[in-house]
Structures are given as structure tokens and as C-alpha cells.
Amino acid sequence: SDITFLEIVFHVWYNGARVFHWKQLLCSGADDEYSVCETLKGETLVEEFDIKGSRTSFPKGNYNIIVQGFSDDSENNMVICLNFTMIVKQDVF
């Protein structure tokens, strides 16, 4: 269906432990600031946004990243799911 509501959940895992969790309501159907809101079914989604709050420094290692998008606030209707690995090659100085 068309996107009128979109909540993003962002998880970062390292060695089986969750090291970062962020949740943000991007589209609520009223006065939304992101271009992805009101995207029609079948259109390509392209969006860029900042994760608000404190900046996290990640030490050297492999991190599993899961990004989920839901079309309702109950987190039952998933419309997108990305699962990828982030490789940090240098320690933070």
C-alpha cells in the first residue's frame, strides 16, 4: 500500500549483544518532513536522515545491522527489512 505511516527501527549487534537501538517515526500522515512519506506502492524509496542524539563510536570489529520499517505503530506490518554487516577496520582514537 502507499506509505502514509512509517516507523524505522535500527539495531546494531556486536558478538551477540545489542550495542545500539534507535526508533523513529518518520511518517505519521500529517505534515511529514521526509520525501519518502506518501510514496506510492511500487515506487522506489530513497531517503537520508540523521540518527538524532549522541554519536556512537564503534571499536574495530564486525557489526550486524538490522533496519526495519513498519507501516503501523504496533510493529506488526513490516514493509522493509535490511540485514547487513558493518566492518570497522580501525579503532577510534
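The accessible surface of this protein comes to about 6,700 Å², and 49% of that area belongs to carbon and sulfur atoms, the areas being taken from the Shrake-Rupley method with a 1.4 Å probe, where for residues only the protein chains shown count as cover. Please keep in mind that this is a predicted model, in which local features need pLDDT of at least 70 and side-chain atom pairs count only at pLDDT 80 or more, while totals for chains, interfaces and linings use all residues. Residues are numbered from 1 along each chain as its sequence is written, and side-chain values use heavy atoms, with hydrogens and water left out.

Now to the fold. The protein has 0 helices and 4 strands, and from the N terminus on the elements run β-β-β-β; helices here are DSSP runs of H or I with at least four residues, strands are runs of E with at least two, and both are numbered from the N terminus. Of the contacts with a separation of 6 or more, 53% come from residues 24 or more positions apart, contact meaning heavy atoms within 4.5 Å.

How much of the protein is buried? Buried residues make up 28% of the 93 residues, where buried means under 20% relative accessible area, exposed over 50%, and partly exposed in between, with a 1.4 Å probe and protein chains only. The largest nonpolar core has 16 residues, among which Leu-6, Phe-10 and Cys-27 touch the most other members; such a core is a set of buried Ala, Val, Leu, Ile, Met, Phe, Trp, Tyr and Cys residues joined through side-chain atoms within 4.5 Å. Strands β1, β2 and β3 (61–70) are the elements that give two or more residues to this core. Leaving aside neighbours within four places in sequence, Cys-27 is in contact with residues including Ile-3, Leu-6, Val-36 and Cys-37.

Turning to the rings, the structure holds 3 aromatic pairs, a pair being rings of Phe, Tyr and Trp (its six-membered ring) with centres within 6.5 Å, stacked if the planes are under 30 degrees apart, edge-to-face if over 60, and tilted for the rest. The centres of Phe-10 and Phe-20 are 6.1 Å apart and their planes stand at 80 degrees, so this pair is edge-to-face. It links distant parts of the chain, with Phe-10 in strand β1 (residues 6–14) and Phe-20 in strand β2 (residues 17–27), 10 residues apart. Phe-10 is buried at a relative accessible area of 18%, and Phe-20 is buried at 17%. Tyr-14, Phe-58 and Tyr-63 form one aromatic cluster.
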